[in-house]
Amino acid sequence: MKSFSRGIHPQDSKERSAAKPIKEALSPRKVILPLQQNLGCPCEPLVKVGDEVSEGEKIADSAAFVSAPIHAPISGRVTEIKYYPNACDYDIPSIVIEATDAVDKVTRPGSRWTLEELAPEQIRKIIREAGLVGLGGAAFPTHVKLAVPKGKTVDTVVVNGCECEPFITSDHRVMVEKAAAIILGARALAKAVGAEKIVVGIESNKLDAYKAVNFEGLKVRGGVSVVQVKTKYPQGGEKMLIKALLDREVPSGGLPSDVGAVVCNVATAAAAAEAVTHGLPLTKRVVTVTGPGIKEPQNLLVKIGTPFAELIEQCGGTVGNVVKLIMGGPMMGIAVPTAQVPVVKATSAILLLTDQEVKVEPEGNCIRCGRCVRSCPIGLTPNFLAEYAKTGNWQGAYDYNVIDCIECGCCGFVCPSRIPLVQYFKLAKNAVRELKLAEKKAVCR
Amino acid sequence: MMIFLASIMVLGLLGFVFAALLGMAADHFRVEVDPKVEAIAAILPGANCGACGAAGCYNFAERVALGEIVISGCVVGGKEVAEKIGSIMGVEVPSDYHKKIAAVHCGATTKDRKKLARYEGVAKCSAAHQLRGGGLACGFGCLGFGDCFCVCPFDAISMEGGLPKVDPDKCTSCGKCVAACPRRIISIVPHDFGAVIACSSKDPGAMVRKICPVGCIGCKICEKAVPEVYKVVDNLAVIDYSAQGVDPAPAIAKCPTKCIVK
């Protein structure tokens, strides 16, 4: 079975919610929408306090290229535009909308189209206007991926159905229930970048998803192949998936487009299909509410902006002594300090861990066992990088390519000394970026 | 016996020849050095901290001798060294010379800080600052892991109750702690001014009251008491250190949260 080298095999813990069909969550009375929900630039609000907005209306946008607009998930009145705690810790205000009892009306940014009548340029525009970002967790604006730089050609669209993070099953359920939309969305993306081939990679622990997507893929004559890949973490990292499916290696500091590929998540593809064929903006997404600390784990179709607390309540509340609330999975997720933070476009799961799972052990010294080196899917040397980060040797960290770290957490997972390696690398990455910026300024002065 | 004599003579002769060559070379390739540079370099503290802006103490001495840097440029040496350099250069130390030290603009000790979450990551301020401020409710104040304490080359900072305390006798205002603090709550101020705002929070007063007992609430009482010195900008009092000769003390007593300290 196809795969990449190194990586780890954590317990996948997906049995809690893998068989639960997607259920629509109750519409919230109040939504909180941070003005930055994507990598890149924050948005500027297009509404003011007191304005009436209808579902699907664009309420925030940015003139910057690497950004995606935000749409109102519910109809109601804008009551506040001020700072609220958010999961990504962006220090930016949020738009708060409170539902009014008026009849819900839905605004569509565009009309219904069929794929054949759209030009690639139009598809990119529709996807941008729909506020589409990568729904796998990084939230990179999709239209930016689709704008292939001059001089590069993309021949393959890779659709990422790996969902290698333990606990999360939202993509799994999307593949089982919306397979047709995924294939249609992938075809739209392929048309937008001018690619002939579509390859869907699905991990071998999701056989039902593979069958469903393969069935839909076979309906399209030619061009679409659905491939099973090995269940291994981080199989869903785009560089790993390109290596596994196409046997191409993304160069250091490069992008998938350097090797002729564009990678998108299955949920993003399904959302792209909705945007293109129905003109619907991205205002809801599937979120897995799971973990040992939740009574009834579920896959919920949630309006963006719903506070975590409401979803936890709809899943029967908590059990045991919950000590950790994580947005995303246990490997790459972000710990959040309060359940009042809202669901954003990047929220693939809400994970509740109890004191039984969370054990904090003190950081020990590096014993030079080399397990981190053997597990790093990128092929870095985390042992040296950690040493450089600890001592503040940013040039050393740069020379050992800390910038290429994808923060997957494999090294920290296997470290017998429990060194919080990824946190050190995040520190080093920011410091290296600042250092290089300062050097550039000194040269350009 | 002969072999000893022969080797001593040969080696001795070689020694004389090389000594003569080296002597001639030293004379021929001699670099003219301003004697003032050597004299200034000898009295500098030799910490090579870089706080003067020069690349080390010797470079500082060279640039002072050339007149590129003022004689009071060495922040570590202070007035004493400035006077000595002045006597070498034949220049008087300016009368408005003030010793500067690092001041911490936060007064909340560990027990004063309200926490939203438990932080279990890397025990460094820089790391905690990246990870939602180590779970602290205040987004501006001291994190208490002592990055400034670790970086101080003069051992002038001690951590007391999770808050850095600057020893004015040891502090040389080299500015390393200013650069090390990820929250930018340390700054270099004139030591004899007699007032420091021990808060950096730009949150509105009502919010500060909820999360910190010693935070600046932006009430403007200090501004009314001594308007020449204090000004409230963005809910935070700031001191105009150029207002020398004005007594800032009346506001210290009036501050309701006692966030102005000496």
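Modeller: Begin with the word contact, which means heavy atoms within 4.5 Å. The model is predicted. With that cut-off, and not counting residues up to four places away in sequence, A:Cys408 touches A:Tyr233, A:Pro234, A:Met331, A:Met332 and A:Pro377.

Biologist: Where does A:Cys408 lie in chain A, and is A:Cys408 buried or exposed?

Modeller: A:Cys408 sits in the loop between α11 and α12 of chain A. Buried means under 20% relative accessible area. A:Cys408 has 8% relative accessibility, so this residue counts as buried.

Biologist: Which residues does UniProt list together with A:Cys408?

Modeller: The unreviewed UniProt entry lists A:Cys376, A:Cys405, A:Cys408 and A:Cys411 under "binding site".

Biologist: What are the surroundings of A:Cys405?

Modeller: A:Cys405 lies in the loop between α11 (394-399) and α12 of chain A. Its relative accessibility is 11%, so A:Cys405 counts as buried. Leaving aside neighbours within four places in sequence, A:Cys405 is in contact with A:Leu380, A:Phe425 and A:Lys429.

Biologist: Which other residues carry a "binding site" entry in UniProt?

Modeller: The unreviewed entry also gives A:Cys366, A:Cys369, A:Cys372 and A:Cys415 for "binding site". They span 50 residues in sequence, yet no two of their C-alpha atoms are more than 10.5 Å apart, so this set gathers at one spot. A:Cys366, A:Cys369, A:Cys372 and A:Cys415 also belong to the lining of the second largest cavity.

Biologist: How should I read the accessibility of A:Cys369 and of A:Cys415?

Modeller: Take the location with the percentage. A:Cys369 is in the loop between β17 (349-354) and α9 (371-375) of chain A, and with a relative accessible area of 32% A:Cys369 is partly exposed. Beyond neighbours within four places in sequence, A:Cys369 is in contact with A:Arg374 and A:Pro416. A:Cys415 is in the loop between α12 (410-414) and α13 (421-444) of chain A; at a relative accessible area of 10%, A:Cys415 is buried.

Biologist: How many residues does the largest nonpolar core have?

Modeller: The largest nonpolar core has 87 residues, and A:Ile59, A:Ile97, A:Val159, A:Phe308 and A:Ile350 have the most contacts inside it. Helix α4 (residues 179-193) of chain A gives the most to this core, with 9 residues. As for A:Ile97, its contacts outside four places in sequence include A:Arg29, A:Val31, A:Leu33, A:Ile59 and A:Val78.

Biologist: How do I read strand order in a sheet?

Modeller: In a regular strand the side chains alternate between the two faces of the sheet. β2(A) and strand β8 (residues 93-99) of chain A pair over 5 bridges in the antiparallel sense. Within this pairing, A:Val31 stands opposite A:Ile97.

Biologist: How many residues of strand β13 of chain A are buried, and which strands pair with β13(A)?

Modeller: In strand β13 (residues 284-290) of chain A, 6 of its 7 residues are buried. β13(A) pairs with strand β14 (residues 298-303) of chain A in the antiparallel sense over 6 bridges, and A:Arg285 has A:Val302 as its bridge partner in β14(A). β13(A) also pairs with β17(A), in the parallel sense over 3 bridges; there A:Val289 has A:Ile350 as its bridge partner.

Biologist: Which residues are buried in helix α3 of chain B?

Modeller: In α3 (residues 57-65) of chain B, B:Cys57, B:Phe60, B:Ala61, B:Val64 and B:Ala65 are buried. For a helix, check the arc these residues cover around the axis. They cover only 130°, which puts them on the same side of α3(B). The buried residues of α3(B) pack against α2 (35-43) and α4 (78-89) of chain B. Just after α3(B), B:Gly67 has a positive phi of about 85°.

Terms used: Residues are numbered from 1 along each chain as its sequence is written. Chains are lettered from A and ligands numbered from 1 in the order in which they are written. This is a predicted model: local features need pLDDT of at least 70, side-chain atom pairs count only at pLDDT 80 or more; totals for chains, interfaces and linings use all residues. Side-chain values use heavy atoms; hydrogens and water are left out. UniProt positions are given in the numbering used here, feature names are shortened, and annotations may be inferred rather than shown by experiment. On a 1 Å grid over the protein atoms alone, a cavity is a set of points where a 1.4 Å probe fits but cannot get out, and a pocket is an open set with protein on both sides within 12 Å along at least five of seven lines; lining residues have an atom within 4 Å of a point. Helices (H or I, at least four residues) and strands (E, at least two) are DSSP runs, numbered from the N terminus. Buried means under 20% relative accessible area, exposed over 50%, partly exposed in between (1.4 Å probe, protein chains only). A nonpolar core is a set of buried Ala, Val, Leu, Ile, Met, Phe, Trp, Tyr and Cys residues joined through side-chain atoms within 4.5 Å. Two strands pair if DSSP finds at least two bridges between them. The arc is that of the directions from the helix axis to the C-beta atoms.
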